[in-house]
Amino acid sequence: MAGSLLLLGKVPLHTCRPSNKCSFSSCARSLEPVSCIGTHLRRNVKYKHHLKEVLFSDQSVCHYRVKPVCTLNSEDANPIIQEPEQLKRGKTFEQWDSMTAKFAAAANLPFLLLQLPQIILNTQNLLAGNNSALLAVPWLGMLTGLLGNLSLVSYFIKKMETEAVVVQTLGVISTYVVLLQLAMGEAMPLPHFIATSIVVASGLILNFMKYFQLLNPGIWHFWEDFITIAGLSTLPQVMWSTFVPYVPNSVLPGGAAFVTAVIAVLMARMGKLSEKGVKFFGSVAGWTATLLFMWMAVSQMWTNLLNPDNIKGLSAVSMLLAMIGNGLLIPRALLIRDLMWFTGSSWGCVFYGWGNLICLYCFNSISKEFFLAATFGFLAWIGLTFWRDAQAYGLSSPFTSLKELFFEP
């Protein structure tokens with residue numbers, strides 16, 4: 001996202017604004033128009049909304065209602081125009097829709113500041129020669145988050161979501177700075193850091209060129225295949241390597257996943273997959289990015305358990321920012337019934353944010369007042385989210401919202 005980090009004006013009703021760093025925001029989705037511009041201007045309607053111009057098109061965007069659909073290529077990610085439908089929502093729904101859009105926009109700030117406390121803490125430890133403290137930050141977990149961010153930069157560029165592209169790009173850069181510090185403190189192997197640097201530099205250049213329409217479509221398709229294969233290969237290998245030496249040190253999980261991913265990409269490009277296979281393969285990249293984010297939390301908590309003496313090298317402010325940022329995205333993900341977005345944001349909020357605060361509290365790294373304030377604030381926010389969502393949809397119980405999220409209404 002290269003542009004303003006704040007959403008200007010009101011977000012149109014039912015417009016999806018996915019943004020996450022741990023978030024996991026995110027399979028491709030088509031957009032179902034609710035009211036197009038020409039019709040909207042000629043009719044008396046109860047609610048009026050500001051329209052956002054698409055950067056890559058000469059046409060203004062219609063009001064859309066999102067519904068998930070899996071895609072394989074960039075071309076498939078474009079809006080699919082279907083028959084308009086009348087949506088009769090009350091004032092409560094309109095207000096909650098507007099508020100959730102503002103919450104999603106406000107999540108930009110904690111995500112942008114997420115790594116800053118950790119970067120400052122790492123710098124202090126490096127200057128003091130306390131390199132062992134950097135072992136509290138697992139480089140494998142940070143790497144999974146970085147690869148997830150890089151994949152989502154490409155996804156949001158295809159969706160023309162400028163704000164989301166900016167947040168994910170800054171997420172890549174800030175996470176890369178942390179990995180640089182870990183490499184300087186010998187907490188990350190140098191060969192792995194060099195390979196990561198090459199991938200990050202290439203990815204940012206290609207995404208920059210794609211954003212400004214300077215990239216050949218064939219090169220972009222090759223990059224899409226690369227990040228799909230890289231994500232599928234990295235996830236099982238990182239999951240396996242997290243538990244070494246309790247499991248044998250082996251590259252077999254990543255190698256097997258790599259071969260499977262290459263075969264699947266070749267079959268997809270040659271048109272050898274069935275319709276269901278194409279849909280499934282189209283959703284793999286998004287879910288892989290989400291799982292990479294989710295495993296980042298697991299890797300961090302596992303490191304906390306193995307090395308409790310190094311937990312002071314973990315920034316409590318970073319964990320709090322992670323909980324706040326993901327928590328602000330939960331209402332929007334629930335409102336639009338986006339299961340992938342909701343899963344990633346909830347996991348990041350509960351396990352990476354609140355879960356690590358529990359570890360810090362158990363090892364007396366934060367005060368009881370700090371932990372209780374964060375806990376009660378989190379529980380109150382989740383309760384408010386489900387209560388307001390049920391009100392907006394006119395449901396009898398907040399649990400119905402959760403049911404509709406997992407099982408379509």
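## A walk through a helical chain

The chain exposes about 19,500 Å² of surface, and 67% of that is supplied by carbon and sulfur atoms. Keep in mind as we go that this is a predicted model. Of the chain's 409 residues, 51% count as buried. As for secondary structure, you'll find 14 helices and two strands.

Residues 314–335 come out as 91% helix and 0% strand, with the end C-alpha atoms 33 Å apart. Residues 347–364 are 89% helix, again with 0% strand, and here the end C-alpha atoms lie 24 Å apart.

Now to the aromatic rings. A pair of aromatic rings is described by the distance of the centres and the angle of the planes. The structure holds 13 aromatic pairs. One of them joins Phe93 and Tyr393: the ring centres are 5.2 Å apart and the planes meet at 85°, so this pair is edge-to-face. Phe93 belongs to helix H2 (residues 91–106) and Tyr393 to helix H13 (residues 368–393), so the contact ties together parts that are 300 residues apart in sequence. Phe93 counts as buried because its relative accessibility is 0%.

Another pair to look up is Trp354 with Phe378. Their ring centres sit 6.0 Å apart with the planes at 25°, so this pair is stacked. It also links distant parts of the chain, with Trp354 in helix H12 (residues 339–362) and Phe378 in helix H13, 24 residues apart.

Trp96, Phe103 and Trp381 are linked by ring pairs into a cluster. And back at Tyr393, the charged end of Arg337 sits over the ring, 4.3 Å from its centre.

Next, the surface. Which residues form a nonpolar patch there? They are Leu109, Leu113, Leu116 and Ile120, and together they have about 350 Å² of accessible area. Helix H3 (108–113) and helix H4 (116–127) are the elements that give two or more residues to this patch. Take Ile120, which is found in helix H4.

Finally, a look at the backbone. Most residues other than glycine have a negative phi. Two residues here go the other way. Glu186 isn't a glycine, yet its phi is positive, near 60°. You'll find Glu186 in the loop between helix H6 (162–184) and helix H7 (190–211). With a relative accessible area of 72%, Glu186 is exposed. Asn364 also has a positive phi near 60° without being a glycine. Its place is in the loop between H12 and H13, and at 69% relative accessibility Asn364 counts as exposed.

Notes:
Residues are numbered from 1 along each chain as its sequence is written. This is a predicted model: local features need pLDDT of at least 70, side-chain atom pairs count only at pLDDT 80 or more; totals for chains, interfaces and linings use all residues. Side-chain values use heavy atoms; hydrogens and water are left out. Patches are made of residues with over 30% relative accessible area and no salt bridge: like charges are joined within 9 Å, nonpolar side chains (Val, Leu, Ile, Met, Phe, Trp, Tyr) within 5 Å. Accessible areas come from the Shrake-Rupley method with a 1.4 Å probe; for residues, only the protein chains shown count as cover. A salt bridge is a side-chain nitrogen of Lys or Arg within 4 Å of a carboxyl oxygen of Asp or Glu. Helices (H or I, at least four residues) and strands (E, at least two) are DSSP runs, numbered from the N terminus. Rings of Phe, Tyr and Trp (its six-membered ring) pair if their centres lie within 6.5 Å; planes under 30 degrees apart count as stacked, over 60 as edge-to-face and the rest as tilted. Buried means under 20% relative accessible area, exposed over 50%, partly exposed in between (1.4 Å probe, protein chains only). A charge sits over a ring if NZ of Lys or CZ of Arg is within 6 Å of the ring centre and within 35 degrees of the ring normal.
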